[in-house]
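Hi everyone, thanks for coming.

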Amino acid sequence: MGVVTYNYDSTSPVAPARLFKAFVLEADKVWPIAAPHAIKSIEVEANPGPGSIVKINFVEGLPFQYVKHQIGGHDENKFSYSYSLIEGGPLGDKLEKINYENKFEAAVGGGSVCKSSMKFYTFGDYAITEDEIKALIKGSEGVYKAIEAYLLANPDACN
């Protein structure tokens with residue numbers, strides 16, 4: 001098994017606290033409304049805390065039917081959270097899991113920066129390429145931007 005780490009930053013005009021709430025605390029409510037082109041539903045198996053499993057079901061026509069995340073934890077004061085993609089989606093027979101550590105920070109001039117660190121755990125001697133990682137990020141950016149647009153259009157959401 002190999003491990004490849006990739007760091008990625010994205011900016012948003014939305015404040016860190018609102019993004020954190022939309023992506024972590026209220027994801028099961030916000031995502032299907034904000035991104036109906038991609039997200040069918042979100043199911044939390046057990047309490048939404050460390051070790052819990054979250055299943056994200058995608059709409060028909062997308063490359064994947066679902067993904068399962070195992071929650072690592074979150075810090076509401078630092079707007080940080082971690083989880084592992086453990087089933088479905090891009091894993092297939094080449095990736096065992098993908099660990100994510102994300103933190104929303106205030107950006108200079110307003111808005112926020114999402115700092116992400118991803119660790120790709122591969123099977124055997126498979127080596128994931130930077131182009132493959134960028135393609136995975138690009139696929140998830142559609143949901144991220146839809147949630148961001150929803151928050152901008154609904155200033156009372158996730159306050």
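Let me start with a question: which residues in α2 meet which residues in α3? On the α2 side we have Val30, Trp31, Ile33 and Ala34, and they meet Val143, Ala146, Ile147 and Tyr150 in α3. Sorted by class, that contact has 8 nonpolar residues, with no polar and no charged ones. Please keep in mind throughout that this is a predicted model.

Now for the geometry. Two packed helices are described by the angle between their axes and the distance between the axes. Helix α2 covers residues 27-34, and its axis comes within 9 Å of the axis of α3, with a crossing of roughly 95°. Angles of 65 to 115 degrees count as roughly perpendicular, and α2 and α3 are therefore roughly perpendicular to each other.

Let's bring in the next helix. How do the axes of α1 and α3 cross? Helix α1 is residues 16-25 and helix α3 is residues 130-153; their axes come within 11 Å and cross at roughly 125°. That angle makes α1 oblique to α3. The crossing of α1 past α3 is right-handed. From α1, the contact uses Arg18, Leu19, Ala22 and Phe23, while α3 supplies Tyr144, Ile147 and Leu151. By class, this contact of α1 with α3 splits into 6 nonpolar residues, no polar ones and 1 charged.

That leaves α1 against α2. Here the axes come within 6 Å, and they cross at roughly 95°. So α1 is roughly perpendicular to α2. Lys21, Ala22, Phe23, Val24 and Leu25 of α1 make the contact with Ala27, Asp28, Val30 and Trp31 of α2. In the contact of α1 with α2, 7 residues are nonpolar, none are polar and 2 are charged.

Which residues lie nearest the centre of the largest pocket? They are Trp31, Ile56, His69, Tyr83 and Ser140, out of 50 lining residues. The lining divides into 34 nonpolar, 11 polar and 5 charged residues. And α3 comes up again here: with 10 residues, α3 gives the most to that lining.

How values were computed. Residues numbered from 1 in each chain as written. Predicted model: local features only at pLDDT ≥ 70, side-chain atom pairs only at ≥ 80, totals over all residues. Heavy atoms only, no water. Axes fitted to C-alpha atoms, helices over the stretch in contact; angles between N-to-C directions. Helix = DSSP H or I, 4+ residues; strand = E, 2+ residues; numbered from the N terminus. Parallel < 35°, antiparallel > 145°, perpendicular 65-115°, else oblique. Left-handed = near helix turned anticlockwise from the far one by under 90°. Contact = heavy atoms within 4.5 Å. Nonpolar A, V, L, I, M, F, W, Y, C, P; charged D, E, K, R; others polar. 1 Å grid on protein atoms, 1.4 Å probe; cavity = no way out; pocket = protein on both sides within 12 Å on 5 of 7 lines; lining within 4 Å.
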